[in-house]
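Here is a short report on one protein model.

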Amino acid sequence: TYCALCQLLSDCETWEEAMDLAASGNPNDVNLLVEDIYGGDYRMPNGSILPGSLTASFFGKVRRRGSAAEQRSLLAALTTMVSQNICQVAYLNA
């Protein structure tokens, strides 16, 4: 579950601690963005544009950084991943 993953990724012991940590973190510290790959927005061959702020890979920067990611950023990234996936499943099933 989400709470168990939070406990695995951090020192938090309660839901409230996990939410406080996630709220103070920056998911972009650990998520790989389109701008990290292309240096900004990406123009697709059909003319559509992928915004640079779009997540390309959840937790994609974790091993690239060379230093340990902050727990609050890990929890913020986890929260972003879970919420975006819930929204996508809901949209696809609507």
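## Basis

Buried means under 20% relative accessible area, exposed means over 50%, and partly exposed lies in between (1.4 Å probe, protein chains only). The model is predicted: local features need pLDDT of at least 70, side-chain atom pairs count only at pLDDT 80 or more, and totals for chains, interfaces and linings use all residues. Residues are numbered from 1 along each chain as its sequence is written, and side-chain values use heavy atoms, with hydrogens and water left out.

## Salt bridges

Two salt bridges are present. The term requires a side-chain nitrogen of Lys or Arg within 4 Å of a carboxyl oxygen of Asp or Glu. Glu-70 pairs with Arg-72 at 2.7 Å, N to O. Glu-70 is partly exposed at 43%. Arg-72 is partly exposed too, at 36%.

Asp-36 pairs with Lys-61, with 3.1 Å between the closest N and O atoms. Asp-36 sits in helix 3 (residues 34-38) and Lys-61 in the loop between strand 4 (55-57) and helix 4, so the bridge ties together parts 25 residues apart in sequence. Helices (H or I, at least four residues) and strands (E, at least two) are DSSP runs, numbered from the N terminus. Asp-36 is partly exposed at 36%. Lys-61 is buried at 18%.

## Nonpolar core

The largest nonpolar core has seven residues: Tyr-2, Cys-6, Cys-12, Ala-18, Ala-22, Leu-75 and Leu-78. Such a core is a set of buried Ala, Val, Leu, Ile, Met, Phe, Trp, Tyr and Cys residues joined through side-chain atoms within 4.5 Å. Helix 1, helix 2 (15-24) and helix 4 (71-92) each supply at least two of its residues.

Cys-6 is buried at 0% relative accessibility. Beyond residues up to four places away in sequence, Cys-6 touches Cys-12, Ala-18, Leu-75 and Leu-78. Contact here means heavy atoms within 4.5 Å.

## Cysteines

There are zero disulfides. A disulfide needs a pair of cysteine sulfur atoms within 2.5 Å. The sulfur of Cys-6 has its closest cysteine sulfur in Cys-12, at 5.4 Å, so the two are too far apart for a bond. For Cys-87 the closest is Cys-6, at 17 Å, again too far. Cys-87 is exposed at 53%.

Thr-80 belongs to helix 4. Thr-80 is buried at 18%. Leaving aside neighbours within four places in sequence, Thr-80 contacts Pro-27, Asn-31 and Phe-58.
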